[in-house]
Amino acid sequence: MVNPDDITLADIEKQYERSRPTVKRWATHPDWPQATGKQGRWKTYPAAAVAEWVEKNIKRPTVPLDPKGWYTAQDIEDANVGVKAGSIRSDLSRGRWPEPDAQTREGVGLWRGQTVKDVLEKRRRYPAR
C-alpha cells in the first residue's frame with residue numbers, strides 16, 4: 001500500500017517547478033531522503049523529508065533588505081544575500097535580472113528592496129556536495 005504522504009520525483013518536479021534532470025540530480029545528493037517504496041515505476045519519498053531537504057539545500061534565505069529601501073548592485077552584494085554585484089550586472093545584460101527601478105544622476109542603477117527580494121525568491125540555489 002502506498003503511503004499518501006509519500007511523493008514521487010514527478011510530483012516533486014511539479015511541486016517545486018523544476019525540471020526532471022534537476023530533481024534527479026537532487027535525488028543523488030548524499031543527504032536526500034531515503035526512498036520509502038514505489039508507485040508504478042517511480043520511487044516514493046516522504047513529502048515532509050523532501051520539503052525539509054529543499055528548505056535546507058535549495059531555498060534561499062530570507063533577504064535582509066528593507067522592501068522600500070534603494071540598493072545598488074554593490075549594496076545588494078554587501079548585504080550577503082548570496083549574489084555578487086558582477087553577477088547582477090551580467091544577469092542584467094542577459095535579461096535574467098530586472099532593469100533598475102530608478103537611476104542616480106550618475107547613471108547607477110537602483111533597485112527597491114522588494115524587487116530584489118522577488119528576484120532572489122525565484123533564483124535557484126545549488127546544493128553543496
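Tutor: Buried denotes a relative accessible area under 20%, exposed one over 50%, and partly exposed the range in between, with a 1.4 Å probe and protein chains only. By that scale Pro30 is exposed, at a relative accessible area of 63%. The model is predicted, so that local features need pLDDT of at least 70 and side-chain atom pairs pLDDT 80 or more, whereas totals for chains, interfaces and linings use all residues. Residues are numbered from 1 along each chain as its sequence is written, and side-chain values use heavy atoms, with hydrogens and water left out.

The structure holds two salt bridges, a term that requires a side-chain nitrogen of Lys or Arg within 4 Å of a carboxyl oxygen of Asp or Glu. In one of them Glu13 pairs with Arg20, with 2.8 Å between the closest N and O atoms. Glu13 is buried at 14% relative accessibility, while Arg20 is partly exposed at 35%. The other joins Arg96 to Asp91, where the closest N and O atoms lie 2.9 Å apart. Here Arg96 is exposed at 52% relative accessibility, and Asp91 is buried at 8%.

Asp91 belongs to helix α5, residues 85-93; helices are DSSP runs of H or I with at least four residues, strands runs of E with at least two, and both are numbered from the N terminus. Apart from neighbours within four places in sequence, Asp91 is in contact (heavy atoms within 4.5 Å) with Arg96, Trp97 and Arg123.

Glu17 occupies the loop between α1 (9-16) and α2, where its phi is near 50 degrees, a positive value in a residue other than glycine. Asn80, in the loop between α4 (73-78) and α5, likewise has a positive phi, of about 55 degrees, without being a glycine. Most residues other than glycine have a negative phi. Glu17 is exposed at 66% relative accessible area, and Asn80 is exposed at 68%.

The chain as a whole comprises six helices and six strands, running β-α-α-β-β-α-β-α-α-β-β-α from the N terminus. Its radius of gyration is 19 Å, whereas a compact globule of 129 residues would have one near 14 Å; the radius is taken over C-alpha atoms, and the globule rule is 2.2 Å times the number of residues to the power 0.38. The C-alpha trace spans about 65 × 25 × 25 Å along its principal axes. Pro30, in the loop between α2 (20-26) and β2 (37-39), has its C-alpha atom 45 Å from that of Gln103, a residue 73 places away along the chain. Of the 129 residues, 36% count as buried. Among contacts between residues at least 6 apart in sequence, 55% join residues at least 24 apart.

As for charge overall, the mean positions of the 24 positive and 18 negative charges are 6 Å apart. In that count Lys and Arg are positive and Asp and Glu negative, with His and the chain ends not counted; the charge is placed at NZ of Lys, CZ of Arg, CG of Asp or CD of Glu.
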